[in-house]
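I opened the file and kept notes as I went. The entries are in the order in which I looked things up.

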Amino acid sequence: MSLEQTAAATAMTRPTTFGEWCALVCRPSVVKRGLKFAVVVGAILITINHGDTILRGELEASNYIKMGLTVIVPYVVSVLSSVGAMIE
């Protein structure tokens with residue numbers, strides 16, 4: 001089987017319902033990849049954006065909320081790009 005035939009055989013059809021889209025988002029491989037990116041990229045961004053506050057020990061509730069959002073963003077980007085790549 002040629003590379004083109006393999007790609008065509010494994011290509012997914014575009015999800016037509018919200019449930020089909022959610023099924024792709026919840027695939028273990030997609031979730032695992034998203035978590036890896038969230039931990040690595042999130043840690044780097046937290047260090048860049050909040051490192052001085054952490055080192056000074058001046059963390060407040062708002063800092064924790066911002067750090068949580070900082071980790072969620074790379075997770076969402078990774079998951080959306082993974083699903084986008086699967087349906088193209």
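The notes below go from the overall model to single residues.

**Entry 1: confidence.** I am working with a predicted model, so I began with the pLDDT values. I read a mean of 88 for the protein, with 86% of its residues at 70 or more. I then asked which element has the lowest mean pLDDT and which the highest. The lowest is helix α1 (residues 3-10), at 54, and the highest is α3, at 96. I keep that value for α1 in mind when I look at that end of the chain.

**Entry 2: fold.** I listed the secondary structure and found 4 helices and 0 strands. Along the sequence I read the pattern α-α-α-α. Of the 88 residues, 24% count as buried. I also looked up how far along the sequence the contacts reach. Taking contacts between residues at least 6 apart in sequence, 69% join residues at least 24 apart.

**Entry 3: α3 against α4.** I next took the pair formed by helix α3 (residues 28-56) and helix α4 (residues 61-87). Their axes come within 7 Å and cross at roughly 150°. I noted the crossing of α3 past α4 as right-handed. Sorted by class, the residues of this contact are 16 nonpolar, 8 polar and 2 charged.

**Entry 4: H50.** Leaving out residues up to four places away in sequence, I found H50 touching L45, N63, K66, M67 and T70.

**Entry 5: L59.** I moved on to the loop between α3 and α4, where L59 sits. L59 is partly exposed, at 29% relative accessible area. With residues up to four places away in sequence set aside, the residues L59 touches are T53, I54, Y64 and M67. I note that M67 is on the list for H50 and on the list for L59.

**Entry 6: the aromatic pair.** I searched for aromatic pairs and found 1 in the structure. F18 is exposed, with a relative accessible area of 63%, while W21 is partly exposed at 31%.

**Entry 7: P15.** I ended in the loop between α1 and α2, which holds P15. I asked which residues P15 is in contact with, leaving aside neighbours within four places in sequence. They are E20, W21, L24 and I87.

Definitions and conventions. Residues are numbered from 1 along each chain as its sequence is written. This is a predicted model: local features need pLDDT of at least 70, side-chain atom pairs count only at pLDDT 80 or more; totals for chains, interfaces and linings use all residues. Side-chain values use heavy atoms; hydrogens and water are left out. Axes are lines fitted to C-alpha atoms, for helices over the stretch in contact, and angles run from 0 to 180 degrees between N-to-C directions. Helices (H or I, at least four residues) and strands (E, at least two) are DSSP runs, numbered from the N terminus. A crossing is left-handed if the near helix is turned anticlockwise from the far one by less than a right angle, and right-handed if clockwise. Ala, Val, Leu, Ile, Met, Phe, Trp, Tyr, Cys and Pro count as nonpolar, Asp, Glu, Lys and Arg as charged, and the others, Gly among them, as polar. Rings of Phe, Tyr and Trp (its six-membered ring) pair if their centres lie within 6.5 Å; planes under 30 degrees apart count as stacked, over 60 as edge-to-face and the rest as tilted. Buried means under 20% relative accessible area, exposed over 50%, partly exposed in between (1.4 Å probe, protein chains only). pLDDT is the predictor's confidence in each residue, from 0 to 100. Contact means heavy atoms within 4.5 Å.
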